[in-house]
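Subject: Structure handover

Hello,

Please find the structure below, followed by notes on what turned up in it.

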Amino acid sequence: MTNYHEDFQLEWHGNTVVIIPASNVESMSWDLIEQAADIVMAPLQEVEIPMVVFDLSDVSYFGSVFLALLLRCHKHVRSRGGELVLCGASKMASELLRITALDTLWAIYETRDEALDALMG
């Protein structure tokens, strides 16, 4: 099952959801990110233990607004006993995650398949 929003695509793989942000996610305003967070997290309410993969393959750069969305989703998922991981991060995105030490908070995988295997395995 795939749900679409203007800025995010959700793909379900069993109880695991893959969230694919649009490439322009960093240009989104804070208000839009807040709305997107609600839309992204709403289906997670239906899952007992949410498992989430953020696929960053289409995103070359992001900053504090998108990091806030990731952290909000992470907090929600962890509070329900789930896990959030990242995949497909660009060199610039990987560097940002390393500098902010968020690479210690989330597992980061090269590919979506690796991330799904880790969560579903």
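Arg 72 is partly exposed, with a relative accessible area of 30%; partly exposed is the class between buried (under 20% relative accessible area) and exposed (over 50%), with a 1.4 Å probe and protein chains only. The areas come from the Shrake-Rupley method with a 1.4 Å probe, and for residues only the protein chains shown count as cover. The model is predicted: local features need pLDDT of at least 70 and side-chain atom pairs count only at pLDDT 80 or more, while totals for chains, interfaces and linings use all residues. Residues are numbered from 1 along each chain as its sequence is written, and side-chain values use heavy atoms, with hydrogens and water left out.

Salt bridges

Arg 72 forms a salt bridge with Asp 38, where the closest N and O atoms are 2.6 Å apart. A salt bridge here is a side-chain nitrogen of Lys or Arg within 4 Å of a carboxyl oxygen of Asp or Glu. Arg 72 sits in helix α2 and Asp 38 in helix α1, so this pair ties together parts that are 34 residues apart in sequence. Helices (H or I, at least four residues) and strands (E, at least two) are DSSP runs, numbered from the N terminus. Asp 38 is partly exposed at a relative accessible area of 43%.

Arg 72 also meets Glu 34 in a salt bridge, at 3.0 Å from N to O. That pair links distant parts of the chain, with Arg 72 in helix α2 and Glu 34 in helix α1, 38 residues apart. Glu 34 counts as partly exposed, at 29% relative accessibility.

The count of salt bridges comes to five. Another of them joins Glu 11 and Arg 112, with the closest N and O atoms 2.8 Å apart. Glu 11 lies in strand β2 and Arg 112 in helix α4, so the pair ties together parts that are 101 residues apart in sequence. Glu 11 is buried, with a relative accessible area of 16%, whereas Arg 112 counts as partly exposed at 25%. Glu 11 and Arg 112 are linked with Asp 55 in a network of salt bridges.

Nonpolar core

Which residues touch the most other members of the largest nonpolar core? They are Phe 8, Ile 19, Val 52, Phe 54, Phe 62, Phe 66 and Leu 86, out of 32 residues in that core. At least two core residues come from each of β2 (8-13), β3 (16-21), α1 (30-41), β4 (51-55), α2 (64-79), β5 (83-87) and α3 (91-99). Helix α2 gives the largest share, seven residues. A nonpolar core is a set of buried Ala, Val, Leu, Ile, Met, Phe, Trp, Tyr and Cys residues joined through side-chain atoms within 4.5 Å.

Surface and loop

Glu 110, Asp 113, Glu 114 and Asp 117 form a negative surface patch. Patch residues have over 30% relative accessible area and no salt bridge, and like charges are joined within 9 Å. Asp and Glu count as negative, and the charge is placed at CG of Asp or CD of Glu. Asp 117 belongs to helix α4 (residues 112-120) and is exposed, with a relative accessible area of 56%.

Ala 101 is in the loop between α3 and β6 (108-109). The phi of Ala 101 is near 65 degrees, a positive value in a residue other than glycine. Most residues other than glycine have a negative phi. Ala 101 counts as partly exposed, at 39% relative accessibility.

Regards

Conventions: Patches are made of residues with over 30% relative accessible area and no salt bridge: like charges are joined within 9 Å, nonpolar side chains (Val, Leu, Ile, Met, Phe, Trp, Tyr) within 5 Å.
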